[in-house]
Amino acid sequence: MYKRLIIGITSLVVLSSPFAYADNQSVNITSSQEDLIKANCLGVQSTLNRIHANDALSRVHLGQEYETISTKLMAPMNSRVALAKLNGVDMARTTVDFNNKLDEFRSLYQQYEQTMFSAIQMKCVTQPANFYAALMQAQTQRASVRASVVELGNLVTQYQQEVATVRTQALTPEQQVENQQ
Amino acid sequence: MEELRVDSESMTVWQRHRFFVLVAGVIVISCVMVVIGMYIYNTSGAAQVDLSRPGYQSVQREASRDSVDDSFPATGKLDENAFNSFDSMYSDHARQVVGVDSFDPKALDTNTLQLFVPNSPQAGQ
């Protein structure tokens, strides 16, 4: 009984640990590179710390904007287009894609942040190979986060174009002429 | 006093230590709840957007506290004014997210970080 309890509590403690260790990637570094990592890594960790803080700020700003676009602009607009009995299928599809990509962005950023955190917290002088592996993994994950941001930006632009298309359907030619003048 | 001593001798071990067990039990339960809470905090993604964490002091001031309600009404006539209003709001937000130069992987390049540079200036930091 006690043994199970101890195992359960230990598992919870391990699972809730804020440290996320980089996967044991096989990294090939020479002994001279290892020496250079040991010599430079504390300074690099300081730089990583600044990048980590700035990334958190970017994540918060972008997240707020994405949330606003999705819940306060796209969803109500889709609703109004549907109520007006206009063809909003493309807009609805783009909204779904946007929300899926937003979930992916959150997940990718979380993975990247945890890898960065582990690289910053790591005792790099004693574990240069692990530090290098974590850094390489963080770089790959950062590229994924960037790709996700680009895709979300493209979807935002795509939605704007689709709204313009619906607008031409909704407004009479006279209204469109008035609008252009 | 003598009466209390006699009473205590007549108690079982459980009865004598039940207050201690109660306090210890409360502490254990609170520790378990904290562990569960931290687990949820870390896995839900809340930790990633919590700028009040240590290490984020430098960027806390830059975090936006704006609470402008840019919400497009979900009902109403879809006329020219509605489209103009939507375009205005949407463009404002789209500008913040389209073409942004965030998360450039080059920032973590070993050359950029000068990881393999002998006597790197960063090494002294």
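Predicted model: local features only at pLDDT ≥ 70, side-chain atom pairs only at ≥ 80, totals over all residues.
Across the interface, 66 residues of chain A are in contact with 55 residues of chain B.

**Chain A's side of the interface**
- By type, the chain A residues on the side touching chain B split into 35 nonpolar, 21 polar and ten charged.

**Between the chains: α4(A) with α4(B)**
- α4(A) packs with α4 of chain B (residues 80–97) at about 165°, and the axes are 10 Å apart.
- Angles over 145 degrees count as roughly antiparallel, so that's the label for α4(A) and α4(B).
- The crossing of these two helices, α4(A) and α4(B), is left-handed.
- On the α4(A) side, the contact residues include L152(A), V156(A) and R167(A), while those on α4(B) include F83(B), F86(B) and Y90(B).
- Sorted by type, the residues of the α4(A)–α4(B) contact are eight nonpolar, two polar and one charged.

**Within chain A: α2(A) with α3(A)**
- The axes of α2(A) and α3(A) come within 10 Å and cross at roughly 165°.
- That angle is why α2(A) and α3(A) are roughly antiparallel to each other.
- The α2(A)–α3(A) crossing is left-handed.
- Among the residues that meet here are L48(A), H52(A), R59(A) and Y66(A) from α2(A), and F98(A), L102(A) and Y109(A) from α3(A).
- The α2(A)–α3(A) contact residues divide into 13 nonpolar, seven polar and one charged.

Notes:
Residues numbered from 1 in each chain as written. Chains lettered and ligands numbered in written order. Contact = placed C-beta atoms within 7 Å. Nonpolar A, V, L, I, M, F, W, Y, C, P; charged D, E, K, R; others polar. Axes fitted to C-alpha atoms, helices over the stretch in contact; angles between N-to-C directions. Helix = DSSP H or I, 4+ residues; strand = E, 2+ residues; numbered from the N terminus. Parallel < 35°, antiparallel > 145°, perpendicular 65-115°, else oblique. Left-handed = near helix turned anticlockwise from the far one by under 90°.
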